[in-house]
Amino acid sequence: MKKKIFSAILAVMLVVLAVAGCGSSGGSSGGTTSGGGAAPAAGATKITIAVPDPEASYIYAAASEFAKRAMEYSNGTLDITVSGNGSLYGGDTAAGIKQLSAGSLQMLILATSVYASFEPGFNVISVPYMFDDQAQLLDYLNSETGDALMNRVNSMGITTVGKWTRSFREVTNSKKPINSPEDLSGIVLRVPNNSLYVEFFSACGAVTTPMNFSEVYNALQLNTLDGQENPVDVPYSNKFYEVQKYISFTNHMADAWLVGINSKFYEGLTDEQKAAIDKAGQEVQQWNVDMMAEQDKVALQTLIDNGMESNEISEEGKQAFIDVSKSCYDKFKKLINDDELFDATTKFTGRA
């Protein structure tokens, strides 16, 4: 019953969500909510977790669950709140990372694709078709290679206390279902201003158009764009069903959330508090996967109910996309600038 109530509440909240595609920017105002759970004791250590998206977002829900569990496991010695919309760092994710590194932010949850601006190795997670599914991505994040990658932020004065996955990205458009790379030929597709996206979709034959996410709906409405690509909750929450006909489950690109805490601040906590934070970070990893899977179904059903058509691509179609991605590996390697990491990752995922 609790699960159904949570699902209903989050489904309603998601209707008003307006995320920026990569989860790297938020709205003009931000909310701050207590993590709930056990009431903190007098003199409890206060922690604020900054997240980039609004209260209705998946990551805000996951951060709140993390806060609730960490407070409980600390026996009330932690008092944790969550601040949304990137309001604590002015919506500038690069500034947020710098503030976390310097200690003016205590905790920050951002996508690994954002951290790639500081550590290019993080680009390896978002190489198109590097991962088969959420389970494989999760196994990778928990592997020796993935763990070492997620801990590269240590040199920046940041400690990783959580490694969470994100929903894979899908293609929507107004022309036709996408079942193979050939179906993208001539499709005018909005992509983020990131070489991984541009190189891959251009190789598929799409006309790639980097564009700020805030401009996408109008461009789709005016038919200056045929389509865009994002996790399913984005076309849902931004009502793209009003301007798009097809959603194809290409599952073409992965991303992850890095749950970071300022290292100096973390080292100043008691052993009990550190253990509470570490345990919550580990537990919410799977909780987040389950929550996203459930809410993605809600999002998809809403798109269908509003007239969109959904299709899954075949194994043959998927392999064709994988082959296109592999043809771009030399270019992707230059972006990552770490052949050893790239080779270890492709070996792990069977893409070598």
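Trainee: Is Asp 79 buried or exposed, and what is its relative accessibility?

Mentor: Buried means under 20% relative accessible area, exposed over 50%, and partly exposed in between, with a 1.4 Å probe and protein chains only; Asp 79, at 14% relative accessibility, counts as buried. This is a predicted model, in which local features need pLDDT of at least 70 and side-chain atom pairs count only at pLDDT 80 or more, while totals for chains, interfaces and linings use all residues. Residues are numbered from 1 along each chain as its sequence is written, and side-chain values use heavy atoms, with hydrogens and water left out.

Trainee: Which residue forms a salt bridge with Asp 79?

Mentor: Side chains of opposite charge can pair when their charged atoms come close. A salt bridge is a side-chain nitrogen of Lys or Arg within 4 Å of a carboxyl oxygen of Asp or Glu, and here Lys 46 pairs with Asp 79, the closest N and O atoms being 2.9 Å apart. This pair links distant parts of the chain, with Lys 46 in strand S2 and Asp 79 in strand S3, 33 residues apart; strands (E, at least two residues) and helices (H or I, at least four) are DSSP runs numbered from the N terminus. Lys 46, in turn, is exposed, with a relative accessible area of 57%.

Trainee: Where do Glu 65 and Arg 69 lie?

Mentor: Both lie in helix H2 (residues 58-73), 4 residues apart, about one turn of the helix, and their side chains meet in a salt bridge of 2.8 Å, N to O. Glu 65 is buried at 11% relative accessibility, and Arg 69 is buried with a relative accessible area of 18%.
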